[in-house]
Amino acid sequence: MDTTATTETDDDLMSAYLRHWKALCAHLKKRTGSRELAEDALQETWLRLAGMKNDAAAIHDHHAFILRVAGNIAIDLVRKERRHTVHCVSDETLLAAVADNTPSPEICIIDRDQLRLLVLALAQLPEKPRAALLLNRCDGLSHREIAARLKVSESMVAKYLAQALRHCRDHYRHQA
């Protein structure tokens with residue numbers, strides 16, 4: 001006789017779940033802010049209620065009990081989702097981290113054109129001003145080191161550099 005009462009109580013608990021399913025679903029959607037999390041909470045609630053065969057007899061208000069169980073499950077799922085989201089990297093962040101830093105074809109063409117203009121400007125310079133500019137800008141040598149290589153004074157290196165830079169500037173202006 002006792003097993004029949006337990007079965008009826010189980011049926012009453014599961015019947016209450018099914019009767020209040022729509023309202024419970026709406027409540028969980030509102031509580032979680034997500035349809036997917038609400039559905040997960042509903043499924044977990046069903047499983048938890050189905051596993052309560054022996055404890056179901058002590059429950060007086062089935063609806064309140066189901067709401068409490070489903071609410072607790074929903075809270076756990078929302079917390080789990082938040083923890084997961086904190087550790088996840090968004091697609092935008094990932095794409096930004098792997099962004100291709102190679103210049104666009106347009107930039108390559110512009111840079112190539114500017115390099116061609118610089119080569120032409122350098123070719124028009126006398127040998128010592130050109131050498132002084134290249135040693136300074138490409139090799140990073142100081143005025144003293146350039147003077148020693150070209151066998152001229154440091155003030156002459158300054159004049160060569162000024163002459164070379166002025167010539168390159170004027171060449172670019174005339175080409176533009």
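The following legends describe close-up views of a predicted model.

Residues are numbered from 1 along each chain as its sequence is written. In this predicted model, local features need pLDDT of at least 70 and side-chain atom pairs count only at pLDDT 80 or more, whereas totals for chains, interfaces and linings use all residues; side-chain values use heavy atoms, with hydrogens and water left out.

**View 1. Packing of helix H7 against helix H8.**
Helix H7 covers residues 127-137 and helix H8 covers residues 143-150; helices (H or I, at least four residues) are DSSP runs numbered from the N terminus. Two packed helices are described by the angle between their axes and the distance between the axes. H7 and H8 pack at an angle of about 140 degrees, and their axes are 10 Å apart. The arrangement of H7 relative to H8 is therefore oblique. Axes here are lines fitted to C-alpha atoms, for helices over the stretch in contact, and angles run from 0 to 180 degrees between N-to-C directions. Angles under 35 degrees count as roughly parallel, over 145 as roughly antiparallel, 65 to 115 as roughly perpendicular, and the rest as oblique. The crossing of H7 past H8 is right-handed, a term applied if the near helix is turned clockwise from the far one by less than a right angle, and left-handed if anticlockwise. From H7, Lys-128, Ala-131, Ala-132, Leu-135 and Asn-136 meet His-143, Ile-146, Arg-149 and Leu-150 of H8, where contact means heavy atoms within 4.5 Å. The residues of this contact of H7 with H8 comprise five nonpolar, two polar and two charged. Ala, Val, Leu, Ile, Met, Phe, Trp, Tyr, Cys and Pro count as nonpolar, Asp, Glu, Lys and Arg as charged, and the others, Gly among them, as polar.

**View 2. Packing of helix H8 against helix H9.**
The axes of H8 and H9 come within 8 Å and cross at roughly 100 degrees. H8 is therefore roughly perpendicular to H9. On the H8 side, His-143, Arg-144, Ile-146, Ala-147 and Leu-150 meet Glu-154, Val-157, Ala-158, Tyr-160 and Leu-161 of H9. Sorted by class, the contact of H8 with H9 has seven nonpolar, one polar and two charged residues.

**View 3. The salt bridge between Glu-154 and Arg-144.**
A salt bridge (a side-chain nitrogen of Lys or Arg within 4 Å of a carboxyl oxygen of Asp or Glu) joins Glu-154 to Arg-144, with the closest N and O atoms 3.4 Å apart. Glu-154 lies in helix H9 (residues 154-175) and Arg-144 in helix H8, so the pair ties together parts that are 10 residues apart in sequence. Glu-154 is partly exposed at 37% relative accessibility, whereas Arg-144 is exposed at 61%. Buried means under 20% relative accessible area, exposed over 50%, and partly exposed in between (1.4 Å probe, protein chains only).

**View 4**
By the salt-bridge rule, the count comes to five, among them the pair formed by the side chains of Arg-48 and Glu-44 at 3.6 Å, N to O. Both residues of this pair, Arg-48 and Glu-44, lie in helix H3 (residues 35-50), four residues apart, about one turn of the helix. Arg-48 is partly exposed at 38% relative accessibility, and Glu-44 is partly exposed at 33%. In another salt bridge, the side chains of Arg-116 and Asp-113 meet at 2.8 Å, N to O. Arg-116 and Asp-113 are three residues apart in helix H6 (residues 105-124), and so are separated by about one helical turn. Arg-116 is partly exposed at 45% relative accessibility, and Asp-113 is partly exposed at 36%.

**View 4. Lys-151 in the loop between H8 and H9.**
Lys-151 is located in the loop that lies between H8 and H9. Most residues other than glycine have a negative phi. Lys-151 is not a glycine, yet has a positive phi of about 60 degrees. With 72% relative accessibility, Lys-151 is exposed.

Thr-45 belongs to helix H3 and is buried, at 0% relative accessibility. Apart from neighbours within four places in sequence, Thr-45 is in contact with Tyr-17, Ile-66, Val-69, Ala-70 and Ile-73. Arg-31, in helix H2 (residues 21-32), is partly exposed with a relative accessible area of 42%. With neighbours within four places in sequence again left aside, Arg-31 is in contact with Gly-71 and Ile-75. Arg-31 and Val-78 are 47 residues apart along the chain, and their C-alpha atoms are separated by 9.1 Å.

How values were computed: Helices (H or I, at least four residues) and strands (E, at least two) are DSSP runs, numbered from the N terminus.
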